[in-house]
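Below is a report on a structural model, written to be read with the sequence and the coordinates at hand.

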Amino acid sequence: MATMNSDDTKRRKRGRRSPLASVALVLTGLLITGGAYALMTAASPANADVNMASAQSISQGKKLFAANCATCHGLNLAGTSSGPSLIGVGAAAVDFQVGTGRMPLAQDAPQAEVKPPVFDETQTLQMAAYVASISPGPGIPASSNLTLTGDATKGAELFRINCAMCHNVAGAGGALTEGKYAPNLMKTTPAHIYEAMLTGPQNMPVFNDANITPQEKQDIITALKVQNQAAGVGGFDLGSLGPVAEGLFLWIFGLGAIVAFTVWLTAKAN
Amino acid sequence: MTTAPDTYNYDPTAPADRRQSGGVTGWASRYVDERTGISYVVKEFGRKIFPDHWSFMLGEVALYSFVIILLTGTFLTFFFQASMAQVTYDGSYGPLKGLDMSAAMQSALHISFEIRGGLLIRQVHHWAALLFVASIGLHMLRIFFTGAFRKPRELNWTIGFVLFILAMAEGFTGYSLPDDLLSGNGLRIIAGMVQGIPFVGSWIEWLVFGGQFPGTAIVGRLYTLHILLLPAAVLAFIALHLVFVVTHKHTQYAGPGRTNDNVIGYPILPVYAAKAGGFFFIVFGVVMLMGAFFTINPIWTYGPYDPSPVSAGTQPDWYIGFADGALRLMPGWLGGPGGIPMEFTILNTTYSLNILIPVLVLGLFIVVVMAYPFIEAWITGDKREHHIADRPRNMPGRTAVGAAGVTFYAVLWAAASSDLIATHFMLSIESVITILQFSLFLAPVLAYFVTKRICLALQKKDRQIVLHGYESGRIVRLPGGEYIEVHEPVDEYERWKLVSFNEYEPLMIRPNAAGRIPVTERARAVVSRWFFEDRIEPVSSTELEVAHHH
C-alpha cells in the first residue's frame, strides 16, 4: 500500500468510498430498524399517547368496537348469544384481552389463546376508552404500580399461596379441566399480569384490590420478574418444568451419551 | 496357594541394605506381597476374562454413578443441616430474604448460593442420582431380555432388584431433604398413602412423622436413612452382587468358539482395568457437564415448604413417577362420578380403595418382576446352567412378556406427567387420563402380541438365511433356460450365531408315580403351552446338510 499515496487515492479511501463505509451503512441501518422495532414493541400502554377521557379517543374506540367486537358482544355491550356482556368490565379487561391478542377470538376453543395482537397500542387504548366510558370498571394500572420495586420475598410467598396451584410455582403454567389451562407467565408484561389479577380473565378468579392490594400486586410482579432473571443460576432451566423435564433430559441426553460411549469403547477396530 | 521359598537367608553379618533386583518397584511389590500374599489375588483376579459388548457396560455405569454420588454426597453433608428448626433466611438470594423457613432449606440454599462450588456439587449429586437409577433400569432390561438371569444367576437378579428398590429409596429420601415446596408436596402424598392403610394408617403416620404431618422430625429421620442406613445397604448389596458376578463368570453372546463352558474376551489386567478406569472418568465427565450446564431441582424457585400452597405440575423424580402415575390413574368412583365410591366408611373405619388398589397393584408388579427368574424356570422346567445370553428374538414368549411389562410401566410413567402432556400437546387432561386408564390394560396386551409376532418373524428370517443364504440380487439364466437367483451362503461364524439357541416345547403332562396329575402340573402345562406353542425351531444339522446339497 506504500505506493498508493497520491491525493486521489487518499480521497477515495475516505468518505463513502472508505472500506468501512459499507460496514457503517449496515450498522446504521440495523440500529435504525432495531431501534424502531424496540421502540414499537417496548412501548407500554401507559406510554402510548392516548387521552383515555377525550371524546376523540372514545369515538375512535366506538368505531373500532362496532367493526370488530360488536358482532359477539353487541353494539350496546350487552352481549349476544355468541359472546358475554361487557357491562362493568372497564378498561383493564379490554387492554388485557386485546393487548395479549386473546381478543378478537380466533376460534371457538376451550379458552382464548395468546397470539400476536391484531390492534396496535393506540387502537387498543381507544377501544378501552370507549368500553370504560359506557361500562366503568377496573382501569388500566398506573405505571407507578408496574415498576419492579416491590418486595420480592412477600410477592413470591403471595404467588405460592394464591397463584402457584394453577400457574406452577415457577410460573411455567399448568393444566386445568376440559382442555383449559393456566398460561405460562414468564414472558407476560407487568401490565398484563396486573390486569389479569384485577379482572380475572377466562378461568382466573378476580383478585380485587381489597383481596390483594395494589402494593401486593406489585410485589407479585416483582417476584415473578426477579425469579425469571435468576432462573439461569444453575444453567439452562429446561423450561422450569421440574422433574419430568429433568427425567426426560437424563434418559435421552445423559444416558444416551453414555450408551454412545459404551458402543464406542467396545467397537472393534476395522 | 503355593508359597515361594523365602529368599532371605538370615545373615547378621551381611549389610542391612542388601539390594534385590527390580529397583524400588520390585522392592515395594515384594514388601507388600510378603506381608499380604496379594500376588495370588492379583494373578487370579487379573487373569479373569470378561467378554466385550456395549450392553455389558451398563451395570458399570450404575456403579460409577454411585461412586459419584458418594463423593458429592460427602461434600454436601459438610454443609447441610438436617433440622426443621424455624430460621429466617438471610442469604444472598433476594426473593427469599426475610422469609421463615427450616434450617434444612436454609442450608440447602446456603450450599447453592454461598458455598464455593456448592451448586455445582448439588446438581452433580442430583443428576448422578437420576443416572444411577436410570442405568440400573437399563441394565435390568438388558439382563431380562437376554435371559442372563437364568440358572445359576437367579439370586443375583433378586439382589440386583433389591438394589433397584434401595436406589429408589435413596432417591426419594434425598429428594425430600431440602424441605422445599416441591418435595414437601411429595411427602404429603406419602403421608396420605400411609394414612390410607385401614385401621393402623393414622397411627403409622404419627409414628413416622413424629406427630401430625409435617411435624418437626421427618427431615432428620430421612437424613439418617439417606446417609447412613441406605448407603450401607446399597454398598453391601453391590459387594454381594459383584462377588456373584465373579463367581458365576460373565455371560456372553453366542459366537464362534463361545460355548456354555468358556468365556472369551479380554483379561481384567491390563485391558479391563484400563478400560473401566477410563470409562469411570467418561461417566464422571458426562455427569459433571450436566451439573454445570443444566439446572436440576431449583429449590430457590420452589420456596420453602408450607402445607398450604400446592404447585401445579408437581411431580416426583422420574423413578417414583410410576407410583405417582398409578395414583393419578385410579378413579375415585368406578363408572365415573356417582358410581361405586372407592373410598367409604364402615363402622367408623375409612377404607381408601383409591389408594390401596394402586399400592397393591404396584406391589404385585414389583414382586412378579423380582420373582421372574423363578417363574420362568418353573415354566420351562430347565435345570441346566446357562452362560450364553439369548438373543431376545429366540425367546419370543419371554421377550413379549417383557415388552408387555415395559409398556405397563411406561403407561404409569406417562400418567405421572398427565398434566404436562395435556398442556404441551393442547389436550384436555380428562381425555389424557381416560386414554391412559384404558391403555394401562390394553397397551400391554397389544405390545405382547406385536412383540411376539416380530420375534417369530425375525426367527423365520434367520432360519431362511441359514438354510438358503442371502439374496444376492444376481439373476442367472441356466443353459436349460431356467432363471435362478444366486444366493450367497452365510459364512460359518455368522451361522454359529444364528443357529445356537435353546429349544423349548410345550410341556407334555404325564401322571406321576401315584398315577395322578397334580393341579400344579396342569397349571404348568397351560402356562408352558402359552409360552412355547408358537415357536420356530433352530436349524438342525440334518437340515443344514440337506440345504447344502440342495
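In this predicted model, buried residues account for 35% of the 550 residues in chain B. The secondary structure of chain B comprises 19 helices and 12 strands, and its C-alpha atoms fill a box of roughly 95 × 95 × 60 Å when the extents are taken along the principal axes. Of the contacts in chain B that join residues at least 6 apart in sequence, 72% are between residues at least 24 apart.

For chain A, the confidence of the prediction can be stated directly: the mean pLDDT is 85, and 90% of the residues of chain A reach 70 or more. Among the elements of chain A, the lowest mean pLDDT, 57, belongs to helix α1 (residues 7-13), while the highest, 94, belongs to helix α11 (residues 243-265).

**Domains**

The domain assignment divides chain B into domain 1 (22-51), domain 2, which is made up of two segments (52-253 + 264-308), and domain 3 (456-549). Taken over C-alpha atoms, the centres of domain 1 of chain B and domain 3 of chain B are separated by 49 Å. For chain A the assignment gives domain 1 (55-134) and domain 2 (143-232), and the centres of these two domains of chain A, again taken over C-alpha atoms, are 23 Å apart. In chain A, 12 residues of domain 1 are in contact with 12 residues of domain 2, and the side of domain 1 of chain A that touches domain 2 of chain A has seven nonpolar, four polar and one charged residues.

**The contact between the chains**

How many residues does each chain bring to the contact? Chain B contributes 56 residues and chain A contributes 50 residues. On the side of chain B that touches chain A, at least two residues each are supplied by α5 (118-145), α7 (181-195), α10 (268-293), α11 (299-302), α15 (418-424) and α16 (429-468) of chain B. By class, that side of chain B has 34 nonpolar, 16 polar and six charged residues.

**Backbone details**

| Site | Feature | Angle |
|---|---|---|
| B:Phe213 to B:Pro214 | cis peptide bond | omega near -5 degrees |
| B:Leu269 to B:Pro270 | cis peptide bond | omega near 0 degrees |
| A:Ser240 | positive phi, residue other than glycine | phi near 50 degrees |
| B:Phe199 | positive phi, residue other than glycine | phi near 65 degrees |

A:Ser240 lies in the loop between α10 (214-230) and α11 of chain A, and α11 of chain A is the element with the highest mean pLDDT in that chain. B:Phe199 is situated in the loop between α7 and α8 of chain B.

Is each of these two residues buried or exposed? A:Ser240 counts as buried because 21 other C-beta atoms lie within 10 Å, and the cut-off for burial is 20 or more. B:Phe199 counts as exposed because it has 10 C-beta neighbours inside 10 Å, where the limit for exposure is 12 or fewer.

Technical notes:
Residues are numbered from 1 along each chain as its sequence is written. Chains are lettered from A and ligands numbered from 1 in the order in which they are written. This is a predicted model: local features need pLDDT of at least 70, side-chain atom pairs count only at pLDDT 80 or more; totals for chains, interfaces and linings use all residues. Two residues are in contact if their C-beta atoms, placed from the backbone, lie within 7 Å. Helices (H or I, at least four residues) and strands (E, at least two) are DSSP runs, numbered from the N terminus. Ala, Val, Leu, Ile, Met, Phe, Trp, Tyr, Cys and Pro count as nonpolar, Asp, Glu, Lys and Arg as charged, and the others, Gly among them, as polar. Domain bounds come from an automatic or database domain assignment. pLDDT is the predictor's confidence in each residue, from 0 to 100.
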